[in-house]
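Biologist: I have a model open and want to learn how to read it. Can we go through some features one at a time?

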Amino acid sequence: MASFLWRWPMSRWWQWGWSAAGCIIVALNVVRGMTATQAGPWLDSLLILVFFTVMSWRFSAPSMVVAPVPLAPLTFLGAVGVAGHGLWSGLSLSEAFSSGQAWSAAVMATLAIVAAIAAPFTGVPTPMTGTLDFPVREGRWLVAAGQGRIFNHHWGAPDQREALDLVRLRWTGRSRRGLGLRQEDFPAFGAELLAPCTGIVVHAQDGLADGVLDLTNVAGNHVIIDNGHELIELAHLRQSTVAVRTGDRVRAGDRIGEVGNSGNSAEPHLHIQASRNGQPLRLRFTDVTGRLGKGRIIGVSRHRRQRAT
């Protein structure tokens, strides 16, 4: 285990540290808010919990990797408990604001709410793809990085600005089992990957190892399909599962591989992007309505997949 942890990329250590810090801050503010006898500290703790609830729900920040459930429901329950304590104790909102202690937390909570609402609309006007099939058969998939520039690490690469990173969630709402020490602890790993459209495979690569950070082959094992209107790229596929070759013709719904963790990847997930003449396109899927911003959860069942295709 120690050697495995030593090979983790810095992004994973940062994820763990940020998540642990979030847990500690939330726990301290729940205790502080539930034991407060004055309005100022009570409201300050409540608004900090509101901030963390919105950030963890909408942006997965911090990502929850050290607790058995995601941070959002924990902070929400903590906020409800702290709010109930204040109402039961007769603490006054006006008194809290007049004390000046809660103003900074109020600003933080307000900015988080505004960012959550505005995030999908903070990009630039971008043409859309034709209607594509969602490329997995079943499961609940979280948009870990998506449309808009807020908390979107793709934004710095113009060709990836409309790309999506999709992680599969377990019933607990987490993307991994336990500490996620093995590839198989992630439900996304090995998930069947289907062609989102009919077209010609213009590039297919396999043979790169999973779980080994590769900054040279950042896409890892991947497939690019030309449907005659745009290029669709699906990246970070599992080693030795790419089922197509360059020049193959595929139909929408054909198996093209499995979701993996190859290339520049912090955990097993699917990266999908589209472009036309070198310009990024916003992805549009059958039976998936609305903007696909970070934090969106897409539920896919075999029945729905069959209807969609």
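Biologist: Where is the place of Phe76?

Modeller: This is a predicted model. In it, Phe76 sits in helix α4, which covers residues 71-89.

Biologist: Is Phe76 buried, partly exposed or exposed?

Modeller: Buried means under 20% relative accessible area, and exposed means over 50%. Phe76 has 48%, so this residue counts as partly exposed.

Biologist: Which residues form a nonpolar patch on the surface with Phe76?

Modeller: Leu77 and Val80 do. Together, the three residues have about 310 Å² of accessible area.

Biologist: Now cysteines. How many disulfides does the count come to?

Modeller: General idea first. A disulfide is a covalent bond between the sulfur atoms of two cysteines. To be counted, the two sulfur atoms must lie within 2.5 Å. Here the count is zero.

Biologist: Next, the inside. Which residues touch the most other members of the largest nonpolar core?

Modeller: A nonpolar core joins buried residues through their side-chain atoms. The largest here has 33 residues, and Phe134, Trp141, Leu234 and Phe285 touch the most other members. Several strands each supply at least two residues of this core, including β1 (139-145) and β6 (231-237).

Biologist: What does Trp141 touch?

Modeller: Among its contacts are Phe134, Leu166, Ala188, Val259 and Ile298. Residues up to four places away in sequence are not counted.

Biologist: Which residues does the second core include?

Modeller: Val26, Phe59, Val82 and Ala106 are included. This separate core has 27 residues.

Methods. Residues numbered from 1 in each chain as written. Predicted model: local features only at pLDDT ≥ 70, side-chain atom pairs only at ≥ 80, totals over all residues. Heavy atoms only, no water. Patch = residues over 30% accessible without salt bridge, like charges linked within 9 Å, V, L, I, M, F, W, Y side chains within 5 Å. Areas by Shrake-Rupley, 256 points an atom, 1.4 Å probe, with all protein chains shown as cover. Salt bridge = Lys/Arg side-chain N within 4 Å of Asp/Glu carboxyl O. Helix = DSSP H or I, 4+ residues; strand = E, 2+ residues; numbered from the N terminus. Buried < 20%, exposed > 50% of the residue type's maximum accessible area, 1.4 Å probe, protein only. Core = buried A, V, L, I, M, F, W, Y, C linked by side-chain atoms within 4.5 Å. Contact = heavy atoms within 4.5 Å.
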